[in-house]
Amino acid sequence: MRRDALENRIYDVAVIGAGVIGSAIARELCRYDLSVCIIEKNVDVCEGTSKANSAIVHGGFDAKPGTMKAKMNVIGNRMMDKVCEELDVPFKRNGAMVISFEGEDSLSELVARAKANGVEVEIVDPKDYEENISSDAKCALLCKSSGIVCPFELTLGYAENAVENGADIYLNTPVLGIKKDENFTIHTSKGNIQARCIVNAAGVYADAIHDMYLSHSYTITPRKGEYLLYDRDLKDLVSHTIFQLPGKMGKGVLVTPTIHGNLLAGPSADDLLEKDDLETTDEGLAYVLNTASKSLKDMPSMVITSFAGLRAHGDTGDFVLDMPACGFFEAACIESPGLTSAPAIGEYMAGMVAGYLGADLDPSFNPVRKKRVLDGDRIICRCESVTEGEILAAIHSTIGARTLDGVKRRVRAGSGRCQGGFCSIKVMEILARELDVPFEDIRKNTLDSVIVFGKTK
Amino acid sequence: MKKDLVVIGAGPAGLAAAISAYEEGIRDILIVERDNLLGGILNQCIHPGFGLFTFGEELTGPEYAARYIAKVKELGIEYMLDTMVMDITRDKVVTLSSGLKLEAGAIILAMGCRERPRGALNISGTRPSGIFTAGTAQRLMNIEGYMPGKEVVILGSGDIGLIMARRMTLEGAKVKMVVEIKEKSGGLARNIAQCLDDFNIPLLLNTTVTKIHGKDRVTGVTLSTGEYVSCDTILLSVGLIPENELSKKCGVRLEEGSNNIICSEDLMTDVDGVFCSGNVHHVHDLVDNVTKEAIKAGKSAAIYLRR
């Protein structure tokens, strides 16, 4: 949209942040007769916390009864089947176990929480369910309703479905300031965006967005989690998500199959000062491996990659789902179980905003995400068997991939055992051709993540 | 559809094996290649040093491949490009990416190898752009014609890394150093002399990269010595792994760790009628040795088919 056109338009709601929470809220807002936009500072959706986490749909036995975390977790878990079907997101209820090395008493607190939260669990012998579980595990809490999901597709599915239902999305558009006269004026790198309401869903930056308009009321500390990702070869090592007893810093290190058939171990938990520190550390990775090794008889050490993600850990102790000032809403401090809670938070926040604006339901809302299928059976990514047609669909879908990582997250090209060694150049060629830009303009993820520096001599 | 012999891969191993089987009297042969041209990785190896043993003269990679490509075409051996084998069963049914199923009398595996990526080394730090395996950088430069970096640190002293040190220097990049964790380079002596020494590129032995820095693009590395070296590019030349995921599907037995195929003297794997040759069997130093082995595999497959 041109700058003057942008500045003349007044949206009913501007959602800041295109992670899973912002995208879910935007999509749920589209159920109402409201004009909606999503503003995202990165070049793609799902570039923050939503892209690097455990990808678990938690059962809800761990969250403290009475908190928003517990409420949203339990509702979100129940909504997940329907949402994933509508948005075409891979999801499976593989079940989770919390193993104890001490005995049944150590699990009593979790059992009590599960009961209070209305979540079905049972105490079992984990060896009856998993061959490779450590023989030190004396007993386990089993929750069959826990699951694994693709966090990229859940975020993208929500964002695309929002756009398909009329929302606008402004990518690569950092918010620089917020003020309010009759309406909100959101000052961005691309010009001003006006809206009657704002929903702050800016992840680890939500406190900074809050402070642009209101006085400081909570602080978000990025809590780094490091992960190890293993080859598909190891997919049969465990079928459940295996937790150890939770600690003060979170749910601890888990070992789980991913929805794509890899094995994942992590996360560590380290509080940081910087909101963009995604470095993995020797200590963090060793901690994950050592801790995970206690859960299984034989924890492999050969990984295909490691990564770090940041949880938006707030000093509030609970999710902040609120309207702290007229027309200014926020979904902040969304750490675990944020991904699980996203469907519930989306519905809850959209309902709050629609109530404030007195909006009616929009009968034309279509909850089913469009699925694009394009021809091309040439295999581009050999490790994950990704075809050219799938990559074309990723580029030409409602919110198309523009970067190598964008393609990778949408269709897994480059996420296999060779980590893009063979296919990254081919994917760059396809991106350049389809977007009609020079090859050297293709980026890995951010605007400055240059891949090649012009032609050879 | 039936085929006497299906050769999987059209690199130096696949081409030579197919020609050898043809010369032994097998006519119903199909070579399946996943890339869009014959010759495999040789196409991007534009440096000389190939063919000294096979032809008694020094050729570049594309020249070496061209001789076998010409021969395959001259003999009229059938091949399919842009086609990947998706599955092989124990009774030698080969499923292609087009959906076509072939009942093969014999199969020669010739899929080559892949490079060990950064993830497999589990080097800590950030995940910026500017980290390439040496072979990917080689393809970017020699096939696509683009510069992957300006200021380079090469991790590992495998032959492709050494070749790329010279190649990038000749194109105007500053190759700051090659670091090797072992006390001795695994590369050929001639490559160390011609690719590093001749260009004054230091080789640091008993040294590795312990951390990668840079949020968007690489900005530097920390070495095991504690030293910080600024650079915008890291090339990895830290080992090759036989690409045997497909072989596993039909039950071929592999050596743990190396991923090498366990096979008989005549290059037949544990699966009856499935042979192997080249880097998919085990990683070879020289293409001439790959050719030699492939000729033997072709012959063995022909004997098997005639029996």
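Contact here means heavy atoms within 4.5 Å. With that in hand, here are some close-ups of this predicted model.

**View 1. Where chain A meets chain B.** Chain A brings 44 residues to the contact, and chain B brings 47 residues. Between them the two chains bury about 3900 Å², with 53% of this area on carbon and sulfur atoms.

**View 2. The side of chain A that touches chain B.** Three elements of chain A, namely α7 (282–295), β18 (305–314) and α11 (424–435), supply at least two residues each. The largest share, four residues, belongs to α11(A). By residue class, this side of chain A splits into 16 nonpolar, 16 charged and 12 polar residues.

**View 3. An open sheet in chain B.** Follow the strand order β11-β18-β12-β13-β14 to trace these five strands of chain B, whose pairing is parallel. Two bridges link β14(B) to β13 (residues 174–179) of chain B in the parallel sense, and here B:Val178 faces B:Leu203 of β14(B).

**View 4. A helix across the strands of chain B.** Helix α5 (residues 159–170) of chain B lies across β12 (151–155), β13 and β18 (233–236) of that chain. Relative to β12(B), α5 of chain B runs at about 170 degrees.

Notes:
Residues are numbered from 1 along each chain as its sequence is written. Chains are lettered from A and ligands numbered from 1 in the order in which they are written. This is a predicted model: local features need pLDDT of at least 70, side-chain atom pairs count only at pLDDT 80 or more; totals for chains, interfaces and linings use all residues. Side-chain values use heavy atoms; hydrogens and water are left out. Buried area is the accessible area (1.4 Å probe) that two parts lose on being put together, summed over both. Ala, Val, Leu, Ile, Met, Phe, Trp, Tyr, Cys and Pro count as nonpolar, Asp, Glu, Lys and Arg as charged, and the others, Gly among them, as polar. Two strands pair if DSSP finds at least two bridges between them. Axes are lines fitted to C-alpha atoms, for helices over the stretch in contact, and angles run from 0 to 180 degrees between N-to-C directions.
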